[in-house]
Amino acid sequence: MTEPAGDVPAPGTAETAGLASGEAGSRRMRGAGNYLALLPFFLYVGLFLILPTLIIAIGAFTTAKGQPTLDNVSRLFTDSVYVDTFIKSIQLAVLTAIGGAIFGGLLAWAVVRGDPNGFLRQLVIAASGVLAQFGGVMLAFAFLATFGFNGLVTIFLRDIVHIGLLTDAAWLYSLTGLAVVYTYFQIPLMLIVFLPSLDGVRQEWYDASASLGGSSWSFWRHVGGPILAPSFLGALLLLFTNAFSAYATAAALISQGASIVTLQIAGALQSEVVPGQENVGKALALGMIVVVALVMLLYALIQRRASRWVQ
Amino acid sequence: MTASPGGSLSAAAPQGGALVARPKGAGRGRRGSRRQLTVRVAILIVVLGYLVLPLFAMLEFSTRGPFGSRTLDSYAAILNDQNVIDGVTTSLQIAVLTVIGMLVLLVPTMVWTVVRVPRMRRVVEFLCLLPLAIPAIVIVVGIAPIYRWMGQHLGAIGASPLTLAFINIILVLPFAYRAIDASLRSIDTATLADAARSLGAGWPRTIVQVIVPNIRGGILSAAVLAIALVLGEYTISSLLAFNTLQVVIFVLGQQDPFISVAVSLAALVFAFVLLFVFTRFGGGPDRRFQAEVEEPAG
């Protein structure tokens with residue numbers, strides 16, 4: 001495997017010692033200078049990532065005139081519209097994460113057992129990268145071309161098979177349609193996230209299990225399954241976050257009515273907001289941060305367990 | 001360490017060592033039973049079939065001509081659509097700026113944390129992975145006031161769509177970090193840097209002429225991911241009202257679905273070719289290095 005080169009303590013090398021020997025003061029200066037070199041990075045991240053987060057956090061608790069208030073945040077818990085969108089968003093994310101994890105996991109298993117540098121595997125990985133991370137609006141159009149009113153499958157079922165199934169393509173523009181498209185891009189994401197863990201399951205373990213008389217099923221039941229469980233759960237959480245945060249697909253499919261959080265936030269950003277509710281968008285955004293942060297915390301805990309075995 | 005293989009979110013996974021580090025001839029497939037092979041093939045056909053179906057539908061949809069004929073008119077129309085051309089140009093320009101900015105910001109910082117201040121490595125890693133935990137739409141909410149300020153106070157530059165590169169750099173940080181980190185871990189960065197320094201090279205020269213060529217694979221991987229991400233970015237550009245490729249495709253979708261599906265498919269294919277060519281042939285230097293390291297051991 002790779003050398004953890006970064007953990008080699010560098011500052012005490014002969015070269016530094018030679019240059020800075022005997023001058024404790026200059027060494028301290030040098031130490032400060034070392035940190036100073038990271039300043040551009042910290043400034044940049046501070047300006048374009050931390051500052052926006054602070055703007056949200058502060059805005060969520062202030063009125064448009066800058067006075068402190070709890071109204072925006074409490075609205076998330078009391079106004080049934082917002083409660084509803086959060087519930088729907090979480091449901092959508094949970095459902096599509098589970099669907100994506102199952103089908104993506106199976107696909108990863110089918111792909112991993114081939115040649116590691118094989119054509120099929122690299123083809124699937126590259127395609128997955130595109131579909132999982134590049135999609136958004138374009139995937140919405142792909143589904144319109146498939147299941148839309150004049151989509152390939154719709155026409156096929158209506159004119160050739162003559163089945164009344166899926167003829168009314170309106171379902172595609174609802175939460176059901178959203179769930180189908182989301183699951184579509186969760187599958188390749190699962191593949192990308194889960195494949196490395198499957199790679200970590202060694203042939204030796206399988207052989208050991210087999211030499212003790214274990215069947216393929218008992219291997220997965222007692223060895224492979226437990227080892228992969230943390231990685232699988234971790235991947236599931238990533239998929240949840242992915243679906244929960246997705247906006248582009250929903251924006252392209254659902255034009256009327258904001259039924260999930262990301263659409264609601266976009267609506268709050270774009271429209272003339274009702275006086276007294278200017279910062280509700282920021283409160284919604286803060287709510288999303290809290291949900292994702294909790295999930296990511298769980299993810300970090302699981303990852304710590306996962307990395308113990310699969311390396 | 002914590003950067004376990006399972007944590008790799010990016011298409012740079014092959015870079016992350018999983019593909020590369022597998023000893024040759026592990027050949028599990030051969031040992032699998034026949035029944036297992038059947039199940040595998042069945043899964044591949046069903047799941048891949050589901051993944052391919054919408055893409056095929058796009059092809060079918062975008063080539064529809066009058067009375068059931070086939071035509072490439074929609075694709076020809078792309079080239080005549082000034083909005084599409086403008087969108088592609090804008091997105092490509094943003095992509096170039098994002099790649100340059102990301103590399104200038106990230107490579108020296110990461111090398112520095114490895115060589116000089118290992119203590120800060122975890123902090124930098126945390127900040128780089130943070131955008132994964134902050135949805136793009138949330139970032140828009142927080143960054144809109146900053147962009148509004150830039151638009152009002154920085155003149156034409158502040159109001160240009162190219163300023164999207166600033167925020168795109170943040171969005172690509174997690175992917176770029178992982179790709180470059182995997183490369184940095186595969187070489188002995190500290191020793192390389194010391195060797196270069198002791199031969200009289202300054203820091204800029206050490207990084208550009210010594211470290212960078214050795215982590216070419218990671219840099220290339222980061223750049224490819226950044227380009228794909230920028231070309232696919234919709235959320236932020238649309239809500240900040242900049243006409244990037246995806247925003248143009250979205251608007252087009254409401255006017256001429258055939259052309260918009262054609263553009264979408266073309267963009268997907270382009271991104272796929274970019275990633276596939278890279279997975280198949282890219283990352284050469286790292287791989288060679290790794291093979292050399294591994295041979296004596298294996």
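1. Let's start with a single residue. A:L228 is found in helix α11 (residues 216-245) of chain A. Helices here are DSSP runs of H or I with at least four residues, strands are runs of E with at least two, and both are numbered from the N terminus. A:L228 counts as buried because 23 other C-beta atoms lie within 10 Å. The cut-offs are these: a residue is buried with 20 or more other C-beta atoms within 10 Å of its own, exposed with 12 or fewer, and partly exposed in between, with C-beta atoms placed from the backbone. Leaving aside residues up to four places away in sequence, A:L228 touches A:S197 and A:V201. Touching, or contact, is defined by C-beta atoms, placed from the backbone, that lie within 7 Å. The C-alpha atoms of A:L228 and A:I125 are separated by 20 Å, and the two residues are 103 apart along the chain.

2. A word on what you are looking at. This is a predicted model, in which local features need pLDDT of at least 70 and side-chain atom pairs count only at pLDDT 80 or more, while totals for chains, interfaces and linings use all residues. Residues are numbered from 1 along each chain as its sequence is written, and chains are lettered from A and ligands numbered from 1 in the order in which they are written.

3. How confident is the prediction for chain A? The mean pLDDT of chain A is 81, and 83% of its residues reach 70 or more; pLDDT is the predictor's confidence in each residue, from 0 to 100. Among the elements of chain A, helix α3 (residues 39-59) has the highest mean pLDDT (93), and helix α1 (residues 14-20) the lowest (42). Please read residues 1-23 of chain A with care: their pLDDT is below 50, although this stretch has 39 contacts in the model beyond near neighbours in sequence.

4. Chain A has 14 helices and zero strands, while chain B has 16 helices and zero strands. Of the 311 residues of chain A, 44% count as buried; for the 298 residues of chain B, the share is 49%. Taking contacts with a separation of 6 or more, residues 24 or more positions apart account for 72% of them in chain A and 79% in chain B.

5. Next, a helix pair inside chain A. Two packed helices are described by the angle between their axes and the distance between the axes. Helix α5 (residues 80-112) and helix α9 (residues 175-199) of chain A have axes that come within 5 Å and cross at roughly 45 degrees. That angle makes α5(A) oblique to α9(A). Axes are lines fitted to C-alpha atoms, for helices over the stretch in contact, and angles run from 0 to 180 degrees between N-to-C directions. Under 35 degrees is roughly parallel, over 145 roughly antiparallel, 65 to 115 roughly perpendicular, and the rest oblique. The crossing of α5(A) and α9(A) is right-handed.

6. Helix α5(A) also meets the other chain. Its axis and that of helix α3 (residues 34-62) of chain B come within 9 Å and cross at roughly 130 degrees. This makes α5(A) oblique to α3(B). On the α5(A) side the meeting residues are A:F103, A:L106, A:L107 and A:A110, and on the α3(B) side B:R40, B:I43, B:L44 and B:V47.

7. A second pair joins the chains. The axes of helix α6 (residues 119-133) of chain A and α15(B) come within 8 Å and cross at roughly 135 degrees. Again the angle makes the pair, α6(A) and α15(B), oblique. Among the residues making the contact are A:L123 and A:I125 of α6(A), and B:F272 and B:L275 of α15(B).

8. Which helix of chain B is mostly covered? Helix α14 (residues 245-255) is, with eight of its 11 residues buried. Its buried residues include B:V247, B:V248 and B:I249. The cover includes α7 (137-147) and α12 (248-253) of chain A, together with elements of chain B, including α5 (82-115) and α15 (257-281).

9. One last residue for contrast. B:A241 lies in the loop between α13 and α14 of chain B. B:A241 is exposed, with 10 other C-beta atoms within 10 Å. Its phi is near 60 degrees, a positive value in a residue other than glycine.

Notes:
A crossing is left-handed if the near helix is turned anticlockwise from the far one by less than a right angle, and right-handed if clockwise. Two residues are in contact if their C-beta atoms, placed from the backbone, lie within 7 Å.
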